[in-house]
Amino acid sequence: MNRVALITGASRGIGRGIALELAKLGHDLVLNYAGNRVAAGQTQHDCLAAAVATGKAIRAEIRQADISRAADRQALIEFTRTSFGRLDLLVNNAGVAPDVRADILDASEESFDRLIAINVKGPYFLTQLAAKWMIEQVTHHGSRITPKIITISSISAYTASTNRGDYCLSKAALSMLTPLFAARLAEHGINVYEIRPGIIATDMTGPVQEKYDRLIADGLSPIKRWGTPEDVGKAVAAIAQDALPFSTGEIINVDGGFHLRRL
Ligand SMILES: NC(=O)c1ccc[n+]([C@@H]2O[C@H](COP(=O)([O-])OP(=O)(O)OC[C@H]3O[C@@H](n4cnc5c(N)ncnc54)[C@H](OP(=O)(O)O)[C@@H]3O)[C@@H](O)[C@H]2O)c1
């Protein structure tokens, strides 16, 4: 029986890159999206093809849910349960940037509430639902299964961008999810990780591509290139393959070394 992964925000960008790597490993997939059904269908198609190319037989289902809404989170977990009957990996990837990059002296409360709802409240309560189900599974199957939770945060958790303070605050808050659930779930054999991407080429960074091209060329990170969704997918795949069994609550930087202090 294949392991099952639920990935939020899997229609595009990093979520899509994660889905493709897990498909190659032979995971069955629940591919969540918010509104872009066509893109989610493309991810589904590409995941099935990637699995076949590596000799794996998988199922991949797409499912709309706005993770900021309680009813949608519940329905997403129920969908996973009825479709596959198990959950081995939750990847909290879905997240949004502010619609407008505004100086923190002018930024709106509306944008703040939106980012906190999607980037913090959504993953926190989705993790709560998934964790309870994972505990049930471990209670039933014992150490034959090793469920895991991965949250995609950002270098913005500790990097001040004064034109998107709401995003930075949301990612800093999200970073506390991993130590909390790692501490709570260790006794159940459920490991919890944070992956902290740097600058990754996706729709989210499209509007600031030229700015980041320049910064990267000028040495923003020791590894002088844009990150890719595949870079993040490979880190998720390592965890999904039980490569870090005695580590929980870890932060894994996938940022070309951006976090290194240099002199
Ligand atoms: N790109 C970067 O440089 C970078 C760096 C560090 C961290 N990150 C983080 O990585 C994650 C993915 O970013 P990305 O660059 O791949 O973004 P993206 O290309 O804009 O894709 C965002 C994904 O999240 C989904 N989504 C948005 N709001 C949602 C909601 N309320 N409920 C469920 N799904 C929702 C979107 O679904 P639809 O397609 O249906 O809209 C889409 O699949 C985010 O958490 C982001 O903060 C990105």
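In which handedness of crossing does H4 pass H5? In this predicted model, the crossing of H4 past H5 is right-handed. Helix H4 covers residues 109–141 and helix H5 covers residues 165–174; their axes lie 9 Å apart, and the packing angle is about 20°. Angles under 35 degrees count as roughly parallel, and H4 and H5 are therefore roughly parallel to each other.

The residues that build this contact can be located on both helices. On the H4 side they are Ser111, Phe112, Leu115, Ile116, Asn119, Val120 and Pro123. H5 contributes Asp166, Tyr167, Leu169, Ser170, Lys171, Ala173 and Leu174. Sorted by class, the contact of H4 with H5 comprises nine nonpolar, three polar and two charged residues.

Helix H1 (residues 13–25) and H8 cross at roughly 45°, and their axes come within 7 Å. This angle makes H1 oblique to H8. The crossing of H1 and H8 is right-handed. From H1, the residues Gly13, Ile14, Gly17, Ile18, Glu21, Leu22 and Leu25 take part. They meet Pro229, Glu230, Val232, Gly233, Lys234, Val236, Ala237 and Ala240 of H8. The contact of H1 with H8 divides into nine nonpolar, three polar and three charged residues.

Attention now turns to the aromatic side chains. A pair of aromatic rings is described by the distance of the centres and the angle of the planes. The structure holds four aromatic pairs, one of which is formed by Tyr124 and Phe181. The ring centres of Tyr124 and Phe181 are 5.8 Å apart and the planes make an angle of 65°, an edge-to-face arrangement. Because Tyr124 lies in helix H4 and Phe181 in helix H6 (residues 177–185), this pair ties together parts that are 57 residues apart in sequence. Tyr212 belongs to helix H7 (residues 209–217) and Trp226 to the loop between H7 and helix H8 (229–240), so the pair ties together parts that are 14 residues apart in sequence. Tyr212 counts as buried, at 7% relative accessibility, and Trp226 is buried with a relative accessible area of 18%.

Tyr124, Phe125 and Phe181 form one aromatic cluster. Which residues does Leu177 touch, not counting residues up to four places away in sequence? They are Asn92, Pro123, Tyr124, Thr127 and Thr151. Leu177 is placed in helix H6, and Leu177 counts as buried, at 3% relative accessibility. Although Leu177 and Tyr124 are 53 residues apart along the chain, their C-alpha atoms are separated by 6.6 Å.

Technical notes
Residues are numbered from 1 along each chain as its sequence is written. This is a predicted model: local features need pLDDT of at least 70, side-chain atom pairs count only at pLDDT 80 or more; totals for chains, interfaces and linings use all residues. Side-chain values use heavy atoms; hydrogens and water are left out. Axes are lines fitted to C-alpha atoms, for helices over the stretch in contact, and angles run from 0 to 180 degrees between N-to-C directions. Helices (H or I, at least four residues) and strands (E, at least two) are DSSP runs, numbered from the N terminus. Angles under 35 degrees count as roughly parallel, over 145 as roughly antiparallel, 65 to 115 as roughly perpendicular and the rest as oblique. A crossing is left-handed if the near helix is turned anticlockwise from the far one by less than a right angle, and right-handed if clockwise. Contact means heavy atoms within 4.5 Å. Ala, Val, Leu, Ile, Met, Phe, Trp, Tyr, Cys and Pro count as nonpolar, Asp, Glu, Lys and Arg as charged, and the others, Gly among them, as polar. Rings of Phe, Tyr and Trp (its six-membered ring) pair if their centres lie within 6.5 Å; planes under 30 degrees apart count as stacked, over 60 as edge-to-face and the rest as tilted. Buried means under 20% relative accessible area, exposed over 50%, partly exposed in between (1.4 Å probe, protein chains only).
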